[in-house]
Amino acid sequence: MNQIHKGKLIFGAILLFLTLCFIIAALGYEEPRARLVPVLVGIATIIFGIFSIIHAIRPIDFITRFDMSIIDLGKQVNSTEEPEDRLDIKLLGSIAWLAGLFVVSFFLGFHIGIVAFMLAFLKIRGKVGWVKSIISAVLVWGIIYFMFEKAMGFSLFKGLFFGEILPLL
Amino acid sequence: MIEAFLQALTYLLRGDTIILIFLGNIIGLIFGALPGLGGVIALAIILPFTFGMDPMVAFFFLSAIMGSVAFGGSISAILLNTPGTAPNAATCLDGYPMACKGEARKALGISATACGLGAIFGLIVLVLLIPVVRRIVMLFGPPEFFMLVLFGLITVAFAAKGNLLNGLFAGGVGILLSMIGYSPVFGILRFNLGSEYLWDGIEMIPFLIGIFALSELINYSVKGGKIAGEEQAAGGKTIDGVKEVFRHKACFLQSSIIGVVIGIIPGVGGTVANFIAYIAAMHTADNPETFGQGNPAGIVASESSNDAKDGGALLPTVGFGIPGSAEMAVLLGGFILHGLEVGPMLIREHLDIVFALLLGLLISNILASSFGLLMSKHLAKLTHINVYYIVPMVAVLCFVGAYVLRENIWDVVLALVAGVFGYFMMKFGFPNICLVIGFILGVLAEKAFHQSLMMSYGSYAVFFNRTITLIILGLIILVLILPFITGFRKGRNSESDS
Amino acid sequence: MKNKKFYLYLAFSFVIFFTFVLAPTVAAGKGFPQKTITWIVTYPPGGGFDTYARAIAKHMPKYLPRKVQIVIKNSPGAGGRYGTNLLYRARPNGHTIGILNVPGVLISQMVMKTKYDMTQFAYIGACDQVKYCLSVPKNSPFKSLKDLQQAKKPVRMSTTGKGSSGGLMSIMTAEFTKIPYTMVTGYKGAPASMVAAIRGDVDAVMDGGIESQLTYITEGELIPLFVLGSKKEKYLPDVITIKELGYPELAPLGMYRLIAAPPGTPKDIVTILEKALLKTLDDTDFRAWSKKAKRSIHPSNGKEARDILKAQAKLYEQYRELLKKAVKK
């Protein structure tokens with residue numbers, strides 16, 4: 001059982017759990033009409049989910065036949081299947097980069113965040129030279145700044161450090 | 001009528017009108033292409049600038065902006081898998097795979113042509129239906145609305161193509177996600193974990209940016225390389241793209257009709273039209289499994305419906321004072337600010353302004369399409385830029401786009417979380433498209449359902465004793481049976497082939 | 001050699017960067033206003049509040065000591081509370097103002113814990129008062145209030161939501177006059193709610209107020225049965241008032257468009273804004289627009305705005321139990 005396969009089951013289970021949370025939350029609402037659709041949809045979703053997990057572990061004949069009948073006989077739908085059957089460690093890196101952009105922008109504002117992110121990404125991940133990196137970073141920031149702030153009048157997030165007030169969460 | 005039309009035409013001879021149409025066209029393209037922005041914001045920002053203008057000129061300008069947003073959005077959808085506006089989301093599904101195959105120019109050609117022709121179709125229908133606008137507005141109430149949205153939801157099963165259980169599962173999760181937030185129908189808050197941020201539910205644009213753009217960004221940065229594979233040719237030929245639209249005439253027509261019809265119905269929105277047209281096209285095609293992998297018909301369906309809906313949305317707006325879409329709501333505000341009374345009399349008393357809008361939309365669409373066709377070569381070059389430049393640039397654009405909509409930094413978090421979530425959905429074989437359809441349509445269906453029951457004092461007969469609901473119900477049944485019939489036919493055909 | 005070049009580039013880029021980002025705003029001397037004023041509208045673009053704000057913002061700058069731009073910022077969400085919160089927490093230097101829905105966000109404060117307190121805002125004034133009328137579709141069997149009160153089946157009233165202004169009016173009216181009713185809610189926007197009535201899906205509608213319903217009334221699509229007020233309405237001179245029908249308690253009901261600055265805004269700045277607002281509401285061009293667009297003006301200064309708020313708070317406080325019960329239905 002390769003990593004992707006394991007991942008499928010775990011992810012499916014997480015989704016199932018999420019659905020269950022919805023159903024339980026819905027049952028707690030006083031208004032019966034407000035409960036109706038979420039509970040019905042939730043139950044149907046759980047059923048689909050359970051069968052989906054079962055099908056992943058041990059393919060259900062009927063489902064396989066049905067899937068095959070929708071798509072042309074013989075051809076396989078490959079768009080969701082990756083040639084590599086494992087989760088790359090690069091994945092964590094990519095997510096970390098995006099999270100990093102967010103964190104820097106959150107505290108220091110988009111202006112600093114954008115420039116720092118572009119610079120860091122180009123230098124570290126891209127191994128691009130200093131000159132190109134800096135020029136690219138400033139260029140991208142410049143376009144964003146002039147377009148969004150000057151031309152369109154939005155004000156980009158200034159960052160907690162510079163006194164931006166957070167909207168309520 | 002003719003005088004009003006001629007009156008509008010004479011404005012086209014004025015220098016300021018022509019310049020503003022061009023300017024509006026460019027503004028629309030930019031706002032459309034930048035993820036998270038779009039027509040509503042563009043109109044809201046530009047509106048104050050129109051105050052000093054002659055109302056006719058102002059509305060040429062405003063409609064010119066509206067006209068090019070759709071195509072602008074398709075550019076980022078195709079090149080970066082980032083829907084420039086929510087209704088461009090379905091364009092990502094086949095546009096981006098085409099770009100990955102190195103056919104970006106062709107894809108842009110398809111989009112430009114489909115956009116332009118779709119808009120023309122929508123406007124023609126609009127003009128034809130103006131005399132009966134009241135009847136049409138009266139036709140669609142909550143029961144019809146419910147049936148329509150239900151129809152849209154059924155398509156989830158078909159969007160799953162070959163992955164039925166996962167698709168239905170994803171769709172169900174999407175529906176549940178859509179119900180987060182305050183429900184005006186019941187007056188209660190649901191599933192929002194006590195959070196004020198989630199009071200209005202999960203905001204659609206940051207969510208879509210995450211699911212489509214950021215998830216693909218993560219995928220792409222893991223894989224490396226260029227968007228278009230290393231050895232791909234310079235993007236195919238634009239003219240091939242144009243030809244494709246004509247090759248898929250039926251698909252175009254069907255999608256444009258869907259676009260106009262859904263555009264006419266206030267409250268449904270372009271995103272819905274997009275997906276329904278897409279799925280309908282997939283359903284009626286001979287080779288549905290190629291959808292999502294770069295089938296030109298997918299782009300035709302998505303973009304022609306996207307543009308046709310603008311014409312449709314204008315109908316209730318100018319004909320009855322009911323905004324057909326969010327952009328139209330801003331337009332109505334614009335009418336009032338220019339001292340024009342809105343409502344059923346608008347058409348009667350200001351038909352020239354209506355024609356100004358029509359002409360503005362038309363010309364801007366044609367300009368946008370021409371721009372697309374001419375510039376496709378240069379635009380397509382984007383797909384050949386190294387991943388290390390594209391990834392940070394697109395990431396920044398997505399983050400800023402997600403933020404700028406409500407100037408709320410938590411929307412960026414939402415986009416990021418949606419991006420990671422969408423990536424795992426993709427990786428583990430859960431179709432994102434099903435999730436998205438469920439998300440967009442779920443709570444709409446529930447609302448319409450309960451509204452219908454409230455109207456009928458709780459009687460379920462309300463769904464069965466109205467003409468249109470029965471027609472749509474019939475369509476639903478037909479659509480559900482169709483795969484069995486075609487599967488049957490296919491089975492027999494392949495036997496006779498082999 | 002290479003290092004020097006690199007540092008040069010670096011320095012150059014940072015200089016450009018910091019000049020634009022961290023450069024201090026060019027102070028045009030002391031006094032208010034110093035820069036663009038942001039006007040928060042708590043609803044999406046195109047609605048009533050948005051329209052009024054834009055119309056005023058267009059003419060107001062010339063009445064300020066320095067003619068700066070006033071830019072509208074739409075901050076919709078949470079039924080108007082999102083924008084209200086934004087205004088409440090904005091810096092009180094006069095460069096952010098907002099237009100508020102009373103009793104809309106006032107009621108919110110009464111029924112739930114909000115992070116804003118309506119009494120704390122620095123009120124600049126008010127620009128409009130929206131009165132409501134109850135309208136029925138063209139061929140409705142209901143021709144008067146009495147008909148509604150004697151309805152055999154509950155009267156269906158459409159509204160965007162029970163907490164919306166129109167919904168509030170509907171509930172108050174129906175409860176007070178003892179009309180048997182049921183609310184059909186969830187319509188997306190007042191226009192959709194009005195069309196529901198025109199279509200005959202529901203029996204009556206109050207959403208939109210006289211202001212927005214007027215266009216359909218003129219066309220004959222909607223027929224107003226009575227107005228909530230104590231004197232005849234300007235544009236509906238033939239329609240009977242609720243006071244005449246014997247329910248004067250409902251007469252003061254209406255929606256007010258209040259304009260305010262964040263709590264703690266210095267008094268002198270508020271006065272500048274107040275004066276500018278009143279002058280704008282009296283401006284010839286502005287008045288011409290309001291007449292053409294059939295949008296009424298009810299100018300009030302800061303103190304009058306506070307009084308409106310107090311009166312409305314008192315009014316709804318009396319009916320708190322009634323509202324709570326009705327919203328639960």
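Mentor: Buried area is the accessible area (1.4 Å probe) that two parts lose on being put together, summed over both. The model is predicted, with local features needing pLDDT of at least 70 and side-chain atom pairs pLDDT 80 or more, while totals for chains, interfaces and linings use all residues; side-chain values use heavy atoms, without hydrogens and water. Residues are numbered from 1 along each chain as its sequence is written, and chains are lettered from A and ligands numbered from 1 in the order in which they are written.

Trainee: What makes Glu341(B) and Lys294(C) a salt bridge?

Mentor: Their closest N and O atoms are 3.0 Å apart. The limit is 4 Å, so the pair qualifies.

Trainee: What is the buried area between chain B and chain C?

Mentor: About 3800 Å², with 54% from carbon and sulfur atoms. On the chain B side, Ile336(B), Leu337(B) and Tyr457(B) lose the most area to chain C, together 17% of what that side buries. Each chain puts 42 residues into the contact.

Trainee: Why are β2 and β11 of chain C called edge strands?

Mentor: Strands are DSSP runs of E, at least two residues, and helices runs of H or I, at least four, both numbered from the N terminus. Two strands pair if DSSP finds at least two bridges between them. The open sheet runs β2-β1-β3-β10-β4-β11 in chain C, with mixed pairing. β2 (70-74) and β11 (300-301) each have a single partner strand, so one side of each lacks a neighbour in the sheet.

Trainee: How do you know that β4 and β10 of chain C pair?

Mentor: Seven bridges join β4 (residues 122-130) to β10 (residues 255-261) in chain C. The requirement is at least two, so they pair. The two strands run antiparallel, and Val130(C) stands opposite Met255(C).

Key: Contact means heavy atoms within 4.5 Å. A salt bridge is a side-chain nitrogen of Lys or Arg within 4 Å of a carboxyl oxygen of Asp or Glu.
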